[in-house]
Amino acid sequence: MVDVSAPLAAAQVEVESLMVDACTITRDVDGVRDDVLDPATLALVPPDPDTAIVYTGPCGIAARSPAGQSTQSLIADGGDREWAARYTLKTPLAGPVPEPGDTVLITASRDPGMVGLEFRVIGPTVGTFRLSRRSEVELRQ
């Protein structure tokens, strides 16, 4: 077996140096189990605070457009249908693996229009020679 650890480590440093945005990833650890029913609206209301910080640090966002696939998808939540733009989130390989449903908030970016955007994690993508954590995320408007 060939040892590729040194070349991969050097490439990983280079890839992480390109993560010029910053983000915070949060997770609703208890889901709806800790939500309370509002008797007036009959809606589940989450407690405040309802999330835990999973990761804060450098990241990168790129449009997801594999050959022949759209970056848009139709989603349905509670009977509402809306379009969500899909992207790839990159975080350092040493960081935690984002889980489906986690929220990603862009806190700094070289593109000022991205600051404050929130994405929902669809799921991680994995691979033997990955140089960063990658997760498919969607921007919900």
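Which side chains meet in a salt bridge at 3.1 Å, N to O? Those of Arg-86 and Glu-136 do, and the legends below come back to them. This is a predicted model, with local features needing pLDDT of at least 70, side-chain atom pairs counting only at pLDDT 80 or more, and totals for chains, interfaces and linings using all residues. Residues are numbered from 1 along each chain as its sequence is written, and side-chain values use heavy atoms, with hydrogens and water left out.

**View 1. Strand β7 pairs with β1 and with β8.** Strands here are DSSP runs of E, at least two residues long, numbered from the N terminus, and two of them pair if DSSP finds at least two bridges between them. β1 (residues 21–27) and β7 (residues 103–108) run antiparallel, joined by five bridges. Look for Thr-24, whose bridge partner in β7 is Leu-105. β7 also runs antiparallel to β8 (residues 118–125), this time with three bridges. Here Thr-103 stands opposite Arg-120 of β8.

**View 2. The largest nonpolar core has 14 residues.** A nonpolar core is a set of buried Ala, Val, Leu, Ile, Met, Phe, Trp, Tyr and Cys residues joined through side-chain atoms within 4.5 Å. Buried means under 20% relative accessible area, exposed means over 50%, and partly exposed is in between (1.4 Å probe, protein chains only). Cys-23, Ile-61, Leu-89, Val-104, Ile-106, Phe-119 and Val-137 touch the most other members. Two or more residues come from each of β1, β4 (52–63), β6 (80–92), β7, β8 and β9 (132–139), and β4 gives the most, with three. Setting aside neighbours within four places in sequence, Ile-61 has contacts (heavy atoms within 4.5 Å) that include Leu-89, Ile-106, Phe-119 and Val-137.

**View 3. Thr-91 and Lys-90 both sit in β6.** Thr-91 counts as buried because its relative accessibility is 3%, while Lys-90 is partly exposed at 27%. Leaving out neighbours within four places in sequence, Thr-91 is in contact with residues including Met-19, Pro-58, Cys-59, Ser-132 and Arg-133. With those neighbours within four places left out again, the contacts of Lys-90 include Met-19, Pro-58, Cys-59, Ser-132 and Arg-133.

**View 4. Arg-27 and Glu-99 form a salt bridge.** The term means a side-chain nitrogen of Lys or Arg within 4 Å of a carboxyl oxygen of Asp or Glu. In this pair the closest N and O atoms are 3.5 Å apart. Arg-27 is in β1 and Glu-99 is in the loop between β6 and β7, so the pair ties together parts 72 residues apart in sequence. Arg-27 is buried at 19% relative accessible area, whereas Glu-99 is partly exposed at 40%.

**View 5. Arg-86 forms salt bridges with Glu-136 and Glu-138.** Back to the opening pair: Arg-86 in β6 and Glu-136 in β9 are 50 residues apart, and Glu-136 is buried, with 15% relative accessible area. Between Arg-86 and Glu-138 the closest N and O atoms are 3.9 Å apart. Glu-138 is also in β9, 52 residues from Arg-86, and is buried at 0%. Salt bridges with shared partners join Arg-86, Arg-120, Glu-136 and Glu-138 into one network.

Definitions and conventions:
Helix = DSSP H or I, 4+ residues; strand = E, 2+ residues; numbered from the N terminus.
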